[in-house]
Amino acid sequence: MTEHVLRPIGHVESALKDQAAAPRQPDEGAPDAWLVLDDQYLPALDGLTPGSDALLLTWLDRADRDTLAVHPRGDSTRPLTGVFATRSPDRPNPIGLHTIHILSAAGPRIHVRNLEALDGTPILDIKPILTRDR
C-alpha cells in the first residue's frame, strides 16, 4: 500500500486537555479555541474573515488507530457499530472534521467558537464552506 504523508499546518490551543472529559460534539459544551498556524502559511489565510464558517480538518493524534468498531457515543447499551458509521475519534485514519465559526483572526492565530479538539491537536487544513458567491 502506498504511504501518504500529511504535514500539519499548525495546532489547536484549547482549554480541553483530557480526552475523557472532552465533549463529543461542539454543541455539548466545547469551548472557544485558537487555531495557531505556522508562519509560513500566513498568505493562505487571506480571505478567511471573522463571522464566516469553515471546515477544519485535524489529526486526532491521541486516537486508537486499531479500533474498528465502537459502542456509539461510548454507550455500552448500544450495539457495536463500525467506526465508519460513527463520529468516533478512534479509527484507522483519525482525521477530525469540524465546522468552525471564525470569531477573529490576527496574524497566524484564528479564534474559533465551540471547538471540541484537544489542546495540541495538529491542524491539517482549513476549507471554506462554499456558497453561491464563492
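Let me start with aspartate 119. Setting aside neighbours within four places in sequence, aspartate 119 is in contact with Val12, Glu13, Ser14, Leu16, Lys17 and Arg62. Contact here means heavy atoms within 4.5 Å.

A word on the source. This is a predicted model, so local features need pLDDT of at least 70, side-chain atom pairs count only at pLDDT 80 or more, and totals for chains, interfaces and linings use all residues. Residues are numbered from 1 along each chain as its sequence is written, and side-chain values use heavy atoms, with hydrogens and water left out.

Back to aspartate 119. Where does aspartate 119 sit? Its place is the loop between strand 7 and strand 8. Strands are DSSP runs of E, at least two residues, numbered from the N terminus. At 26% relative accessibility, aspartate 119 counts as partly exposed. On that scale, buried is under 20% relative accessible area, exposed is over 50%, and partly exposed is in between, with a 1.4 Å probe and protein chains only. Histidine 98 is 21 residues from aspartate 119 along the chain, and their C-alpha atoms are separated by 15 Å.

Next, salt bridges. How many does a search of the whole structure find? Four. The test is a side-chain nitrogen of Lys or Arg within 4 Å of a carboxyl oxygen of Asp or Glu. I will take you through some of them.

Aspartate 119 is in one. Its side chain meets that of lysine 17 in a salt bridge, at 3.3 Å, N to O. This pair links distant parts of the chain, 102 residues apart. Lysine 17 is in the loop between strand 1 and strand 2, which covers 33–37. Lysine 17 is exposed, with a relative accessible area of 56%.

Now glutamate 13 and arginine 109. Their side chains meet in a salt bridge at 3.0 Å, N to O. Glutamate 13 lies in strand 1, residues 10–13, and arginine 109 in strand 7, residues 109–113, so the pair ties together parts that are 96 residues apart in sequence. Glutamate 13 is partly exposed at 30% relative accessibility. Arginine 109 is partly exposed too, with 27%.

One more. Arginine 62 and aspartate 61 meet through their side chains, at 3.3 Å, N to O. Arginine 62 is partly exposed, at 35% relative accessible area. Aspartate 61 is partly exposed, at 39%.

On to the inside. The largest nonpolar core has 16 residues. By that I mean a set of buried Ala, Val, Leu, Ile, Met, Phe, Trp, Tyr and Cys residues joined through side-chain atoms within 4.5 Å. Which residues have the most contacts inside this core? Leu35, Ile110 and Leu115. Strand 2, strand 3 (53–59), strand 6 (95–106), strand 7 and strand 8 each supply at least two residues. Strand 2 gives the largest share, three residues.

Take leucine 35. Beyond its neighbours within four places in sequence, leucine 35 is in contact with residues including His11, Val12, Leu56, Ile100, Pro108 and Arg109. Ile110, Leu115, Ile123 and Ile126 are also among them.

Last, some backbone. Phi of arginine 73 is near 60 degrees, a positive value in a residue other than glycine. Arginine 73 lies in the loop between strand 4 (69–70) and strand 5 (81–82). It is partly exposed, at 43%. Asparagine 114 also has a positive phi, near 50 degrees. Its place is in the loop between strand 7 and strand 8. Asparagine 114 is partly exposed, with a relative accessible area of 29%.

Terms used. Helix = DSSP H or I, 4+ residues; strand = E, 2+ residues; numbered from the N terminus.
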